[in-house]
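Work through the exercises below with the structure open beside you. Try each task before you read its solution.

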Amino acid sequence: MLIKRRGDVPTSEITDQGVYLRRREFIQAAGLAAIGAAAGGLLTAPRTARAGEKIHAGAMKSPFSTAEEPTSYKDATTYNNYYEFGTDKESPATHAGKLKTRPWTLMVEGEVKKPRIWGVEDLLKKMSLQERIYRMRCVEGWSMVIPWVGFALGDLIREAEPTGKAKFVEFVTAYQPDNMPGLRIPALDWPYVEGLRLDEAMHPLTILAVGMYGEVLPNQNGAPIRLVVPWKYGFKSGKSIARIRFVERMPQSAWMKASPQEYGFYSNVNPEVDHPRWSQANERRIGEFLKRKTLMFNGYADQVASLYTGMDLKKNF
Ligand SMILES: Nc1nc2c(c(=O)[nH]1)N[C@H]1C(S)=C(S)[C@@H](COP(=O)(O)O)O[C@H]1N2
Ligand SMILES: [Mo]
């Protein structure tokens with residue numbers, strides 16, 4: 001495996017000018033916020049973060065980030081898949097305002113020694129946030145580059161201490177019938193459920209994102225907390241996660257239930273394995289005109305290929 005750990009990164013990469021400036025901005029912003037809070041008497045009752053607010057954790061630059069140009073914020077927040085708010089790309093931005101994102105709890109349960117119901121604010125205090133600029137590839141053939149703000153899912157898993165029986169992780173997302181017009185359409189078996197093998201979930205590339213573009217995650221992108229697995233098709237990255245359950249057997253994802261011949265458990269980006277109805281060889285990067293070639297594991301093969309050694313990736317699609 002070719003994984004650069006934080007300790008291996010030369011100091012110059014961590015404290016380059018941009019990061020330095022952003023860190024200074026952060027400190028200034030934090031100072032201003034403290035003054036504002038004191039003036040408003042808010043010190044004892046901190047406000048919960050809202051979409052659009054700065055969330056940048058002080059600009060730890062992740063060695064896992066791509067140097068590619070991020071997709072425009074507008075495209076990333078208006079061209080979405082979030083079926084709970086409708087099946088076309090514009091619906092999430094139109095309707096996701098109704099999603100209730102606080103108070104929010106994240107239940108960690110199942111085959112763990114320390115099950116826990118986390119309040120999302122407590123979780124953010126505990127975990128160290130990073131910016132991770134990732135390529136994202138949707139199964140439908142488009143891709144984006146998103147600067148996420150999040151933390152390694154592995155850090156949360158280590159807190160929970162999985163038992164020897166834990167082989168898979170199931171992710172159950174928000175189910176809010178009053179706020180999600182898409183739930184009336186039986187497109188999927190709600191709530192939206194996804195799953196990973198434990199080692200995939202523990203992989204340092206797998207994160208829980210709470211922000212993007214340095215700001216709190218907009219609802220349509222999965223507020224307040226979403227999974228991000230950059231070497232898999234976008235649908236594996238479940239939005240608005242409510243429960244993380246450790247299990248012995250492979251979970252059935254919502255997409256596997258809906259169409260098992262089209263959507264397998266692994267769903268690794270693979271230009272050599274076509275979707276039954278279309279090729280996966282190319283993709284359109286949103287904002288670009290010409291298509292580009294899709295890369296094995298979405299370009300993350302050096303980091304993740306060893307997770308699948310000896311597996312037939314045509315069978316385990
Ligand atoms: N809960 C939930 N999560 C979801 C989806 C969804 O419909 N519901 N769509 C998935 C799909 S198909 C994709 S491509 C990505 C899109 O993420 P984005 O809109 O932030 O780009 O979210 C994934 N996560
Ligand atoms: Mo997707």
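**Exercise 1: the ligand site**

A polar side-chain atom of Glu-84 sits 2.8 Å from a nitrogen atom of ligand 1. This is a predicted model, where local features need pLDDT of at least 70 and side-chain atom pairs count only at pLDDT 80 or more, while totals for chains, interfaces and linings use all residues. Residues are numbered from 1 along each chain as its sequence is written, chains are lettered from A and ligands numbered from 1 in the order in which they are written, and side-chain values use heavy atoms, with hydrogens and water left out.

Task: find which residues come nearest to ligand 1, and how much of the ligand 1 area the protein buries.

Solution.
- Step 1. There are 15 residues around ligand 1 (a heavy atom within 4 Å). Asn-80, Tyr-83, Glu-84, Arg-226 and Lys-239 come nearest.
- Step 2. Check the oxygen atoms. Arg-226 places a polar side-chain atom 2.6 Å from an oxygen atom of ligand 1. For Lys-239, a side-chain N or O atom is 2.7 Å from an oxygen atom of ligand 1.
- Step 3. Turn to the area (Shrake-Rupley method, 1.4 Å probe). Ligand 1 alone exposes 540 Å², and the protein buries 95% of that.

**Exercise 2: the sheet**

Task: give the strand order of the open sheet, and say which strands stand at its edges.

Solution.
- Step 1. Strands are DSSP runs of E, at least two residues, and helices are runs of H or I, at least four, numbered from the N terminus. Two strands pair if DSSP finds at least two bridges between them.
- Step 2. Read the order of the five strands: β2-β1-β10-β5-β6, with mixed pairing.
- Step 3. β2 (116-119) and β6 (193-197) are the edge strands. Each has a single partner strand, so one side of each lacks a neighbour in the sheet.
- Step 4. Look at one pair. β1 (residues 105-110) runs antiparallel to β2, over four bridges. Thr-105 is opposite Gly-119 in β2.

**Exercise 3: backbone in the loops**

Task: where do Pro-103, Pro-224 and Glu-161 lie?

Solution.
- Step 1. Pro-103 is in the loop between α4 (91-95) and β1. Its peptide bond from Arg-102 is cis, with omega near -10 degrees.
- Step 2. Pro-224 is in the loop between β8 (215-216) and β9 (226-228). Ala-223 and Pro-224 are joined by a cis peptide bond, omega about -5 degrees.
- Step 3. Glu-161 is in the loop between α6 (153-160) and β5 (168-173). Its phi is near 55 degrees, a positive value in a residue other than glycine.

Notes:
A polar contact is a pair of N or O atoms within 3.5 Å; within protein, one must be able to donate a hydrogen and the other to accept it, and residues adjacent in sequence count only if both atoms are side-chain atoms.
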